[in-house]
Amino acid sequence: MIDVQPLDAADVGYMSRALELARQGLYSTHPNPRVGCVIVRDGQIVGEGWHVRAGEGHAEVHALRQAGEQARGATAYVTLEPCSHHGRTPPCAEALIHAGVARVVAAMQDPNPQVAGCGLTRLAEVGVAVSSGLLEAEAMALNAGFIKRMEHGMPWVRVKLAMSLDGRTAMASGESQWITGPAARSAVQRLRARSSVVLTGADSVLADRSRMTVRASELGLEGEILGLATERPPLRVLIDGRLRVALDTPFFQAGPALVVTAAATAGAALRYQEQGHELLVLPGADGHVDLPALLRHLATHGANEVLVEAGARLAGAFASMGLVDEYRLFIAAKFLGSSARPLLDWPLTHMTEAPALKITEMRAVGEDWQVIAIPAASAAI
């Protein structure tokens with residue numbers, strides 16, 4: 001039985017440090033969660049660690065290695081319940097037991113319904129004092145995509161939109177570069193780098209000749225974190241219902257991609273394969289791609305976070321189907337006028353149809369502003 005232990009300000013401080021360590025894995029742990037661990041003995045930190053990349057040691061392993069014999073009788077603060085099963089690495093719960101840790105404080109339980117609580121239960125069975133729930137909201141926010149994939153079989157969908165003060169994204173001609181400034185573009189590059197998938201549509205690729213790659217020079221990161229942010233590029237996904245984007249465009253020349261369409265011949269699939277790309281056929285209603293089926297497919301292949309960078313029509317399709325978990329709005333201090341293109345192609349007739357959003361953050365990004373808004377349905381997850 002798990003006995004919730006009393007927590008104090010010192011516990012909060014150590015868990016805050018563990019979360020700080022976990023954030024260092026923001027760009028590299030896919031498809032695993034971002035996890036940090038701090039080991040404390042007699043009021044002193046004796047070991048720290050964070051999960052760097054899948055297939056390598058978990059946060060607890062790194063922290064225990066640094067602590068050595070000082071781990072015996074210590075308290076381990078970990079941002080996610082220690083694993084209790086054998087995967088690509090041994091279970092961390094057993095490593096903590098073997099090291100002689102006396103107490104484990106977890107920010108949250110493992111969201112995988114098959115193993116949730118098992119790690120803490122195993123620790124409690126051998127006499128380790130355990131607690132869970134300290135700074136849980138912060139830990140969950142750091143791994144929203146992993147949690148959603150584990151609990152719902154879907155990735156966290158983040159839609160990035162850049163607009164003017166009057167809510168326009170491009171001129172009537174389609175011209176859109178650049179609405180926002182360098183700082184906002186750097187922020188978008190970091191969003192790409194942290195994502196499992198960057199998804200766009202044929203309209204955007206044809207209008208902007210975009211590559212949808214991560215550009216190291218624009219990330220605004222340094223040292224080890226910069227290297228981690230560029231060593232695992234996200235999967236680039238192009239939704240092209242009628243296969244309008246030619247294989248010699250910059251998008252395809254930038255590297256392997258997954259193209260999703262509504263209908264295709266075996267010959268078409270072979271042409272993409274010969275160029276190093278994959279073609280996936282997912283027919284939906286009215287000749288469009290089945291977007292929910294695509295998200296389930298991506299989750300099955302380990303995608304935690306999907307970044308949608310698309311035009312008004314495709315972004316509006318995700319929104320109207322209730323598939324968006326988070327909007328990242330970058331607002332430039334300029335007007336584009338009434339003839340410019342709208343933010344979303346999402347016709348709503350009555351005020352009662354307007355979806356409720358919760359604004360979780362609003363801050364300046366260079367000369368522009370960033371607004372993070374979450375649909376009420378996602379805020380409850």
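What share of the 381 residues in the chain is buried? I started my notebook with that one, and the answer is 51%. A reminder to myself: this is a predicted model.

**Overall build**

Next I looked up the secondary structure and found 14 helices and 16 strands in the chain. I then checked the radius of gyration, which is 23 Å; the globule rule gives 21 Å for 381 residues, so the chain is as compact as a globular protein of that length. Along the principal axes, the C-alpha atoms fill a box of roughly 65 × 45 × 45 Å.

**Surface and charge**

On charges, I have 34 positive and 39 negative ones, and their mean positions are 5 Å apart.

**A stop at Thr 261**

Thr 261 sits in strand S10, which covers residues 258-261. Is Thr 261 buried or exposed? I found a relative accessible area of 0%, under the 20% cut-off, so Thr 261 is buried.

What does the side chain of Thr 261 meet there? One of its polar atoms lies 2.9 Å from the backbone oxygen of Gly 241. Leaving out residues up to four places away in sequence, I listed the residues that Thr 261 touches, among them Asp 240, Gly 241, Arg 242 and Leu 243. Leu 279, Leu 280, Val 281, Leu 282, Pro 283 and Val 289 also touch Thr 261.

Terms used. Residues are numbered from 1 along each chain as its sequence is written. This is a predicted model: local features need pLDDT of at least 70, side-chain atom pairs count only at pLDDT 80 or more; totals for chains, interfaces and linings use all residues. Side-chain values use heavy atoms; hydrogens and water are left out. Helices (H or I, at least four residues) and strands (E, at least two) are DSSP runs, numbered from the N terminus. The radius of gyration is taken over C-alpha atoms; the globule rule is 2.2 Å times the number of residues to the power 0.38. Buried means under 20% relative accessible area, exposed over 50%, partly exposed in between (1.4 Å probe, protein chains only). Lys and Arg count as positive and Asp and Glu as negative; His and the chain ends are not counted. The place of a charge is taken as NZ of Lys, CZ of Arg, CG of Asp or CD of Glu. A polar contact is a pair of N or O atoms within 3.5 Å; within protein, one must be able to donate a hydrogen and the other to accept it, and residues adjacent in sequence count only if both atoms are side-chain atoms. Contact means heavy atoms within 4.5 Å.
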